[in-house]
Amino acid sequence: MNKLLQNAISLEALTSLFSQAPVGLAILMGKEHIIANANQQILEYWGKGDHVIGLPVIEALPEIANQEFPGVLKSVFETGETIKGNKVKALLEKDGVMLTYYFDFIYSAVITDKKITGVSVVAINVTDQVLNELKLQERELRFKEILEISDYSIAIYRGEDMIIEFANDAMINTWGKGHTVIGKKLEDTLPEIKGQPFIGLLKNVFKTGEPYITTEEKADLVIDGTLQTFYYSFAYRPIKDVHGNVEGILNLALNVTELVQARMIAQNTVKEYRDLAEAMPQIVWTTDENNKIKYFNENMRKFLNLEMDAISDYDFSKVIHATDYINLKRTWDKATLEKKLFELECRFFDAENDKYIWFLTRATPVLDDRGQIKQWIGTCTNIDEFKSLAAQKDTFLGIASHELKTPLTSLKLYAQVLERMLRKTGDETNAEFAKKMDAQIVKLTALINDLLDVTKINSGKIHLNKEYFDFDKLVAETVEEQQMSTSCEIDLQIEDAGIVFADRNRISQVIVNLISNAIKYSPRSKQIIVKVMQAENNVKFSCQDFGIGMPLDKMNRVFEQYYRVSGVEQTTFPGLGLGLYISAQIVERSEGKIWVESVLEEGSTFYFSLPLSQNENI
Ligand code: ADP
């Protein structure tokens, strides 16, 4: 056995082991550290050939002169004590280039006859390992840097006790306890979280290895000495070791307090508006962008006897009067196109009292940032009482004007007879008085006729006796009559306009009304221009004056019932505010259009058009 052992460690075997060992080996002899032996591996490390054998090490590797190795060699040679180096950096020249290596090494004394005669060198190249470690460290550093600047609050807790190993600035600020928290138990750092769910949740993640993710969780934290409420969306993620055991927890948190508070304010605002809607005496509703009702108040719920969730299938044609339903659809469609508010009087069926009730429906579109309608806000106001009062008033006016007409007709007859008799007797002065009386009776009759017309229109009883007639002839006749009773010059510019199918007397009434208004509202001008022309498939009439005109915002209101433009000068003119309303109703019922252009203090031009008759044989 001994012999075998002896053979194994024969010089030859040792030499082969020495030269082929995967570690660098060298023997440096004497004070000058002459390279007595160097195996292939160490020569490779050094980047030199075997010609260096026999040279002092400092001559073979001049680049190490200022590194720590000569000192270490000296020390080992002088003291005989072995020196070990771990991951020691070495700069070695290879093919003219300085390269960086890291070595683990052992320098030991070579003792011959109890005297130190040299130093043996064992060197292992650990450059790759060191570089990998450095890379890892750098990566970790960078990762921590990223965590530091993240908007998220980030912390790492170690162990079951949740020791704070890392917390970025955002998390430090969140806790409000400064940087000294690192290395402490989370529970001790934030005593205020006792009784809140966080520690329990963390312990559960630690125990189960399952992450916990939540949004908008409430947390009460002491900041600047006061307990304040915050909201966080956060995650607790387990950090596991190579064996899959949980060793810590990564906490990512985002402060969403402002968002949650803004939403709470918005919700409160919505609630306030709902309360407001509930407190209103009207029916209040809102729709989505497709005109589908999405909210209505208690008044509507009661009126329709309908719960909120049934609204999407509700058929409003069941409850709105058929005529008004068509009108409502048309008006709403038009308002949608124009993105404008609309107002409409319509009848809703009151099931409780088994009758239709008048409501004023009013809706305003709400536009989004792109100018598109995102909803409608509407109200329905009960105007049933108002409507029946208005109807009563109309009935009264109808009866009163009717009753007044009969004595007026007799009065007119008497005035005319009186005038004739007085003229016969040669009493011209009194005859003139009788004539003036007759003129006043004519005015009074016109006023009473207007009142009667309005009551007829409002009760839907106005009848148009339509016939075919020559429009320009009617205008010429009417202007001629008007010209006889005024000093104002009516300049008539007429074209052969064509035949229309309408109520000749009523259209004449409209022309008279427009001309007499032009005269009435031009106290300082003595000219009026009346034009008749054909425009597309219509006849068009215009009456231009150079009178007081009217402000832009009042212009389209003059066709409303009883509407009179206010103003110091305007109110000095007598009138009931009915003439244009009646004219508009007549024109519209004749499928025509009426409109006005006007400039304040410069004058107005009133227009109306009527469709030309297609019947050419008239
Ligand atoms: P009335 O003349 O009896 O008041 P109308 O219905 O004929 O009633 O006219 C309504 C209002 O329109 C008038 O009160 C007046 O303010 C305004 N208006 C009508 N015609 C003219 C005009 N040619 N120029 C200026 N204002 C006018």
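Among contacts in the chain between residues at least 6 apart in sequence, what percentage join residues at least 24 apart? The share is 51%, where contact means heavy atoms within 4.5 Å.

1. Basis. This is a predicted model, in which local features need pLDDT of at least 70, side-chain atom pairs count only at pLDDT 80 or more, and totals for chains, interfaces and linings use all residues. Residues are numbered from 1 along each chain as its sequence is written, and side-chain values use heavy atoms, with hydrogens and water left out.

2. Overall form. The chain holds 17 helices and 22 strands. Both are DSSP runs numbered from the N terminus: helices are H or I with at least four residues, strands are E with at least two. The radius of gyration is 54 Å, well over the 25 Å that the globule rule gives for 618 residues, so the chain is more spread out than a compact globule. That radius is taken over C-alpha atoms, and the rule is 2.2 Å times the number of residues to the power 0.38. Along its principal axes, the C-alpha trace spans about 180 × 60 × 50 Å.

3. Burial and surface. Of the 618 residues, 39% count as buried. Buried means under 20% relative accessible area, exposed over 50%, and partly exposed in between, with a 1.4 Å probe and protein chains only. The accessible surface comes to about 37,000 Å². Carbon and sulfur atoms account for 54% of that surface. Areas come from the Shrake-Rupley method with a 1.4 Å probe; for residues, only the protein chains shown count as cover.

4. Strand 1 (residues 24-29) pairs with strand 2 (residues 34-38) in the antiparallel sense, over 4 bridges. Pairing requires at least two DSSP bridges between the strands. Ile 27 has Asn 37 in strand 2 as its bridge partner. The two strands form a hairpin with 4 residues between them. In the turn, Gly 30 has a positive phi of about 75 degrees.

5. Cysteines. A search of the whole structure finds 0 disulfides, a disulfide being a pair of cysteine sulfur atoms within 2.5 Å. For Cys 346, the nearest cysteine sulfur is that of Cys 380, 6.7 Å away. Cys 346 is buried, at 0% relative accessible area. Cys 380 is buried too, at 5%.

6. Lys 294. This residue lies in strand 12 (residues 293-296). Lys 294 counts as partly exposed, at 47% relative accessibility. Leaving out residues up to four places away in sequence, Lys 294 touches Thr 286, Thr 287, Asp 288, Met 308 and Gln 375. Thr 229 is 65 residues from Lys 294 along the chain, and their C-alpha atoms are separated by 34 Å.
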